[in-house]
Amino acid sequence: MSPPLLELTDLRVAYGRIEALRGVSLSLRVGERLALIGANGAGKTTLLKAVAGLLPVLDGRVQLQGADVTTQAAHRRLPQGMALVPEGRGIFADLTVHENLLMGAYCRDDDAIDSDLDSQYRRFPRLAERREQAAGTLSGGEQQMLAIGRALMGRPRLLLLDEPSMGLAPIMVERIFAVLREVCADGVTLLLVEQNARLAMQLCERTVVLEHGAVSLQGDSAELARDPRVMAAYLGQ
Amino acid sequence: MPKRWQLVAVGVGLLALPWLVDAGLGVAWVRIVGFAALYAMLALGLNIVVGYAGLLDLGYIAFFAVGAYLYALTGSPQFGLHWPLWATLPLAALLAGGAGALLGAPTLRLRGDYLAIVTLGFGEIIRIFLNNLNTPVNVTNGPQGINQIDALSLGGFSLAQPFQLGGLTVPPAYLVCYLFTGLALLVALASLRLEDSRIGRAWQAIREDPLAAAACGIDVKRYKLLAFALGASFGGVAGALFAGVQGFVSPESFSLTESIMVLCMIVLGGMGHVWGVALGALILTALPEALRALGPLQKSLLGQVWVDPSDLRMLVFGLALIGMMLLRPHGLWPRSAQ
């Protein structure tokens with residue numbers, strides 16, 4: 001059997017003396033969609049940042065397709081197939097929409113960049129309309145589309161997505177999730193951090209619940225959605 | 001207009017510049033234009049650090065000092081050295097660039113106001129260092145500074161002597177003006193090329209969001225260091241030229257006020273915009289000189305000099321800066337809004 005695309009082994013991360021992740025282990029198969037849910041401060045964003053190499057890891061291991069990338073610098077991880085859509089989108093506000101998308105292909109040096117740009121514009125027609133506009137002038141939803149499009153320009157196998165629904169109108173959230181469904185259908189593996197547990201569990205076949213920096217529950221999304229603890233704490237039922 | 005003719009037009013403009021300025025405003029203003037070009041080089045160097053990469057550097061004048069002292073020590077009776085300009089200029093760029101990397105390396109993790117404080121400290125350290133390096137071994141002559149620095153000279157002929165061309169006599173101030181405006185133009189063109197390169201785009205991304213830049217595969221540390229080193233090397237070249245044209249350097253010329261003045265040129269002109277920064281340098285060099293006229297003006301209008309013109313100058317200067325920030329917060333000539 002081929003190794004999992006992403007494997008975290010007993011991952012520990014701390015901010016000073018405060019431990020934010022207390023030994024998290026999980027793995028993702030190629031093509032899988034995994035939702036990471038939990039309360040504020042449970043360590044979801046920390047986990048994503050640590051996987052992306054943006055936070056130093058105290059202990060434990062991050063493996064990408066069997067290769068240990070725990071101590072690898074963040075900027076080396078995109079060429080290896082790992083793209084992050086950061087919390088709060090992290091778009092380059094002064095650059096145009098087009099330039100933002102090109103930044104996503106910064107590490108690439110191939111002939112397919114133009115055709116990939118076209119496919120992002122097809123996926124997000126709103127971005128095509130605003131191609132030459134400064135990204136800072138876009139609405140929140142458009143910025144989220146841009147952040148996703150930019151990440152996809154790096155042709156990732158693994159997409160790390162931090163709170164794509166944050167601060168967006170419900171209709172925009174629906175549209176974003178529809179796009180994510182398409183992206184995953186193309187074979188991209190997804191690790192989704194999301195406050196909106198219901199939507200996340202609908203999109204992803206597997207769910208991990210993080211509580212105080214540790215995995216408290218995990219399993220098949222449909223089964224977990226019937227778990228009374230999950231229903232009470234995260235689905236508001 | 002085709003590119004070739006643009007170049008010819010710029011060349012003719014630069015050649016005619018000192019003659020026109022002299023005819024209109026007098027030869028003192030030719031010197032001022034030369035200095036404005038020198039400050040434009042300096043400001044364009046800082047613009048790489050602050051404008052492109054978004055790293056607030058309050059100690060930038062230290063690199064100007066490194067270049068100036070390099071020229072002073074290798075071209076004066078201090079050590080009896082008289083190195084030619086073609087050797088000192090690249091060396092000044094190299095040494096200042098090295099100092100830039102030295103400052104950059106320990107500050108890579110700092111941002112915003114924290115970075116500003118550390119760079120401010122660095123600038124002061126260099127100044128105090130120059131001030132005290134006269135004991136136990138006298139290197140810099142301490143607060144007295146270094147005198148009798150060789151005048152700028154290019155390939156055997158000195159820029160401090162009038163130049164005879166046929167029947168035409170070109171005064172030294174003109175020659176300095178030519179050298180400085182020409183070099184400033186080169187620095188401006190280099191900045192434009194940088195801005196529109198992979199390096200420039202990486203800097204912009206880091207300025208906007210360092211985390212997202214790293215996630216896009218940009219080596220944030222490396223590009224920050226590069227910005228510090230390149231910006232500093234421009235400052236070093238400007239410093240060497242400054243020493244050559246002044247004939248005298250002392251630590252006093254490299255105080256925090258000077259760093260802030262260079263930063264003002266960028267902010268006033270339009271941060272990140274090459275021509276805006278050049279305009280800012282021109283205005284902030286020329287304005288204090290133009291305001292000297294406030295003394296004679298008082299005398300003719302009020303019969304007596306009521307307020308010392310040098311005090312009034314700073315007042316008008318300060319008011320102009322405040323007014324500017326209120327009316328045009330992005331600078332006089334910002335990058336075209338998208």
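Some housekeeping. This is a predicted model, where local features need pLDDT of at least 70, side-chain atom pairs count only at pLDDT 80 or more, and totals for chains, interfaces and linings use all residues. Residues are numbered from 1 along each chain as its sequence is written, while chains are lettered from A and ligands numbered from 1 in the order in which they are written.

Back to Asn196(A). You'll find Asn196(A) in the loop between E8 and helix H7 (197–203) of chain A; helices (H or I, at least four residues) and strands (E, at least two) are DSSP runs, numbered from the N terminus. Its C-alpha atom sits 30 Å from that of Arg17(A), and 179 residues separate the two along the chain.

Now, staying in chain A, have a look at strand E3, residues 33–38. Six of its six residues are buried, so E3(A) is largely enclosed by the rest of the structure. Which way do they point? Arg33(A), Ala35(A) and Ile37(A) go one way, Leu34(A), Leu36(A) and Gly38(A) the other, and all are buried.

And the neighbours of E3(A)? Strands pair if DSSP finds at least two bridges between them. E3(A) runs parallel to E8(A), residues 189–193, with four bridges, and Leu34(A) has Leu191(A) as its bridge partner there. E3(A) also runs parallel to E9(A), residues 206–211, this time with five bridges; in E9(A), Leu36(A) is partnered by Val208(A).

Over to chain B, which has 13 helices and six strands. Its radius of gyration (taken over C-alpha atoms) is 21 Å, close to the 20 Å that the globule rule gives for 338 residues, so chain B is as compact as a globular protein of that length. That rule is 2.2 Å times the number of residues to the power 0.38. Of those 338 residues, 46% count as buried.

Last, where the chains touch. Being in contact means that two C-beta atoms, placed from the backbone, lie within 7 Å. Chain B brings 15 residues to the contact and chain A brings 23. On the chain B side, helix H7 (198–208) and helix H8 (210–215) each supply at least two residues.

How values were computed:
A residue is buried if 20 or more other C-beta atoms lie within 10 Å of its own, exposed if 12 or fewer, and partly exposed in between; C-beta atoms are placed from the backbone.
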